[in-house]
Amino acid sequence: MNRTLRKLFSNAASLLGIILLIFFIVIAVFAPVLAPPLSDDPYQIPRMSWDVNPQPPGFPMSDNIRDMYEYIGKEVKYDKALCGTAQGGYDIFYGLIWGTRTAFKIGIITVFAAMLIGLFTGSIAAYFGKWLDEILMRITDIFLSFPFLVAAMVLTTILGRGLDKVMIALIAFGWMGYARVIRGSILSAKEETYVMAAKALGVRDGKIIWRHLLPNTIFPVLIQASMNIGTMVVTAATLSFLGVGAPMGYADWGQMVSFARNWIIGAPGHAGQYWYTVFYPGIFIILFVLAWNLIGDTLRDILDPRLRGEL
Amino acid sequence: MIAYIIRRLLLLPVILIGVTFLIFCMFSLLSPMERLATYVNDPSTLKNPQAAERLINKYHLDDPFPLGYIQWVKRISKLDLGWSQAANQPVWDAICQRFPATLELVIYSVVPVILVGIWLGVISAVHHNDVIDQSIRVTAIVGWSLPTFIFGLLVLFIFYGMLGWLPPGRLSTWAQDIVYTGTNFHSYTHLVTIDALLNGNIPIFVDALRHLCAPIITLSYVYWAFLLRIARSSMLDTLRKDYIRTARAKGVDEHTVIHKHAERNALIPVVTIAGMLIIGMLGGVVVAETVFTYPGLGFWAATAAQQLDYGSVIAFALLFALLMVVGNLVVDVSYAFIDPRVRLE
């Protein structure tokens with residue numbers, strides 16, 4: 001483990017990943033300080049004006065919106081759109097900050113849940129084998145017969161808009177990889193003498209899987225999970241971009257990019273006039289995913305026994 | 001070999017039943033009224049309770065689960081997929097009309113992906129851990145981290161917004177007039193670039209190509225990054241094998257070792273992945289087509305999803321799942337041809 005950590009910190013690529021990740025964790029933790037919420041639901045992006053057109057960075061909150069907050073007795077601690085506003089006056093900076101929390105929430109919850117389902121299915125299939133293995137693996141095949149994005153899009157459309165629906169859809173079609181990987185590892189590990197010894201001692205099957213097999217086989221799954229967080233966040237963002245993800249005005253990077261889509265070309269002769277609408281949320285998504293991919297990629301190289309001693 | 005193919009074919013019905021059943025399960029999450037809406041082209045019918053009741057019975061939307069499934073499969077096997085509100089025409093017609101556009105896009109995207117991906121992957125592995133490898137790897141990870149929709153918007157911004165070279169859509173207005181309504185233009189394949197060449201109409205060909213370039217760039221960048229990673233790790237693996245060491249010890253020159261001895265073996269798994277990649281692109285086309293308003297299946301499905309046009313969305317899922325099942329079958333069988341070990345499993 002120490003060796004792994006040392007490698008993670010000595011490799012330039014993974015070090016960059018770790019730094020980026022720390023940056024995002026800090027943003028997520030200090031979100032209420034960086035961008036104090038103006039409404040009761042902190043994930044609702046405040047609007048800086050009622051204007052449809054995006055406004056450039058530094059745009060001050062328009063008077064009628066300030067009046068509205070004063071009227072309902074809210075103190076406006078935060079009245080400047082540091083990164084400009086998106087279509088409809090939504091404040092980009094606020095969306096970026098709280099969107100970080102959304103991204104962590106989506107990434108960690110979906111990957112964790114998908115991993116649990118995968119581990120459960122895969123380990124049971126491999127350990128008990130025979131017809132149970134056959135049935136569970138055919139079910140896995142069936143779920144794998146859908147392009148991930150298409151399946152997630154269809155299920156979200158049917159369930160309706162909302163972050164929870166998006167997460168359900170991502171979990172429902174995101175567990176199969178883990179099941180396959182853990183099945184492969186357990187199939188070879190269950191022939192080992194320590195498993196036979198445990199069986200001979202009369203240890204229950206569940207305990208053998210949980211206490212003996214999983215700790216010895218889980219590493220490849222964890223690497224896969226770390227690489228998958230990025231994929232899940234991107235897919236959620238893509239769904240928002242396509243217009244089936246988070247509800248209107250929710251602090252979500254994908255939706256902010258979709259706000260930007262109509263403005264990216266700019267007025268004739270002023271290409272790039274509204275660059276800030278796509279630049280900031282776009283760069284946040286890219287860096288977030290990059291962080292996880294850099295870490296996951298190095299982890300894979302380090303923990304792959306075939307590559308050991310070569311790094 | 002034949003035994004393997006037969007075994008693989010026997011699995012096909014199981015998968016098909018499973019896939020349709022899973023889609024039907026998703027479909028059943030909707031209420032009978034919502035499901036009925038996918039069959040009628042006139043929303044006012046739904047407001048009339050008696051008519052709605054009659055139609056729900058007619059389409060067996062209220063049947064118990066297994067019966068409903070059987071009725072539904074019967075209907076889709078007759079290609080009766082309902083009415084697409086997003087396209088304002090029957091779902092099956094909508095699919096037929098849009099399929100060639102998507103096919104054209106995928107065909108043109110696959111070739112650069114496979115060639116560039118494999119080539120860079122091999123180079124990266126040969127130069128393992130030095131500057132070339134590191135820079136190729138970083139480019140690939142960046143590509144892999146770059147969400148298709150953001151990269152697409154970037155391409156749109158640069159090549160359309162700033163340079164004005166690659167417009168969105170499939171054809172310019174003047175070209176649409178010639179292709180869709182003109183009398184002298186015959187659509188043989190419905191792939192506009194090929195039809196234009198067959199008709200000898202070079203301006204149309206150029207126009208179609210200009211519209212295709214941007215979505216092709218978008219689709220391929222993300223996927224070559226993926227293929228590169230696979231090619232690299234497979235090549236790295238092979239280069240460590242004993243027979244490579246033997247070849248080097250014998251004094252075989254490095255070029256032959258890499259291109260004759262290692263590459264051929266290393267690329268076997270890459271072939272499978274490449275097959276899966278083409279199938280995986282089916283997801284990417286939704287995004288690429290939406291960004292560039294390219295009138296294919298993906299754009300239609302995304303529009304349908306936004307409008308809660310469930311019938312179109314379900315049909316789209318069904319179609320893409322079937323394409324994927326067939327694609328997987330082809331990949332598995334061709335893999336057995338390439339790698340004899342697979343047959344013995």
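This is a predicted model: local features need pLDDT of at least 70, side-chain atom pairs count only at pLDDT 80 or more; totals for chains, interfaces and linings use all residues.
Two residues are taken to be in contact if their C-beta atoms, placed from the backbone, lie within 7 Å.

**Stop 1: the whole of chain A**

Select chain A. Its secondary structure amounts to 14 helices and two strands. The C-alpha trace extends over about 75 × 45 × 45 Å along its principal axes. Chain A has 311 residues, of which 48% count as buried. If one takes the contacts in chain A between residues at least 6 apart in sequence, 72% join residues at least 24 apart.

**Stop 2: where chain A meets chain B**

Display both chains. Here 42 residues of chain A are in contact with 42 residues of chain B. On the chain A side, select α6 (130-144), α7 (148-159), α12 (219-242) and α14 (275-303), each of which supplies at least two of the residues that touch chain B. Colour α7(A) separately: with 10 residues, this helix provides the largest share of that side. Colouring the side of chain A that touches chain B by residue class gives 28 nonpolar, nine polar and five charged residues.

**Stop 3: α5 and α6 of chain A**

Remain in chain A and select helix α5 (residues 92-128) together with α6(A). The two pack at an angle of about 145 degrees, and their axes are 7 Å apart. The crossing of α5(A) past α6(A) is left-handed. To see the contact, show T121(A), I124(A), A125(A), A126(A) and F128(A) on α5(A), and K130(A), L132(A), D133(A), L136(A), M137(A) and T140(A) on α6(A). This contact of α5(A) with α6(A) is made up of seven nonpolar, two polar and two charged residues.

**Stop 4: P220(A)**

Move to helix α12 of chain A, in which P220(A) is found. Is P220(A) buried or partly exposed? A residue is buried if 20 or more other C-beta atoms lie within 10 Å of its own; P220(A) has 17 and is therefore partly exposed. Apart from its neighbours within four places in sequence, P220(A) is in contact with V181(A) and S185(A).

**Stop 5: the largest nonpolar core**

Show both chains again. The largest nonpolar core has 187 residues, and those that touch the most other members are V150(A), A152(A), M153(A), V154(A), V233(A), L227(B) and A317(B). Helix α11 (residues 202-239) of chain B contributes the largest share of this core, 18 residues.

Centre the view on M153(A). Which residues is M153(A) in contact with, leaving aside its neighbours within four places in sequence? They are L239(A), L242(A) and V244(A) in chain A, and V286(B) and A305(B) in chain B.

**Stop 6: α1 and α5 of chain B**

On α1(B) the contact involves T20(B), F21(B), F24(B) and S28(B), and on α5(B) it involves F65(B), Y69(B), W72(B) and V73(B). By class, the contact of α1(B) with α5(B) has six nonpolar and two polar residues, with no charged residues.

**Stop 7: L61(B)**

Select L61(B), in the loop between α4 (49-58) and α5 of chain B. L61(B) counts as buried because 23 other C-beta atoms lie within 10 Å. Beyond its neighbours within four places in sequence, L61(B) is in contact with P32(B), R35(B), L36(B) and I56(B). The C-alpha atoms of L61(B) and L36(B) are separated by 7.3 Å, although the two residues are 25 apart along the chain.

**Stop 8: two loop residues with positive phi**

Go to N88(B), in the loop between β1 (83-84) and β2 (89-90) of chain B. Its phi is near 55 degrees, a positive value in a residue other than glycine. N88(B) has 9 C-beta neighbours inside 10 Å and so counts as exposed.

Finally, select T293(B), in the loop between α13 (254-291) and α14 (297-306) of chain B. Phi of T293(B) is also positive, near 40 degrees, again in a residue other than glycine. With 14 other C-beta atoms within 10 Å, T293(B) is partly exposed.

Definitions and conventions
Residues are numbered from 1 along each chain as its sequence is written. Chains are lettered from A and ligands numbered from 1 in the order in which they are written. Helices (H or I, at least four residues) and strands (E, at least two) are DSSP runs, numbered from the N terminus. Ala, Val, Leu, Ile, Met, Phe, Trp, Tyr, Cys and Pro count as nonpolar, Asp, Glu, Lys and Arg as charged, and the others, Gly among them, as polar. Axes are lines fitted to C-alpha atoms, for helices over the stretch in contact, and angles run from 0 to 180 degrees between N-to-C directions. A crossing is left-handed if the near helix is turned anticlockwise from the far one by less than a right angle, and right-handed if clockwise. A nonpolar core is a set of buried Ala, Val, Leu, Ile, Met, Phe, Trp, Tyr and Cys residues joined through C-beta atoms within 7 Å. A residue is buried if 20 or more other C-beta atoms lie within 10 Å of its own, exposed if 12 or fewer, and partly exposed in between; C-beta atoms are placed from the backbone.
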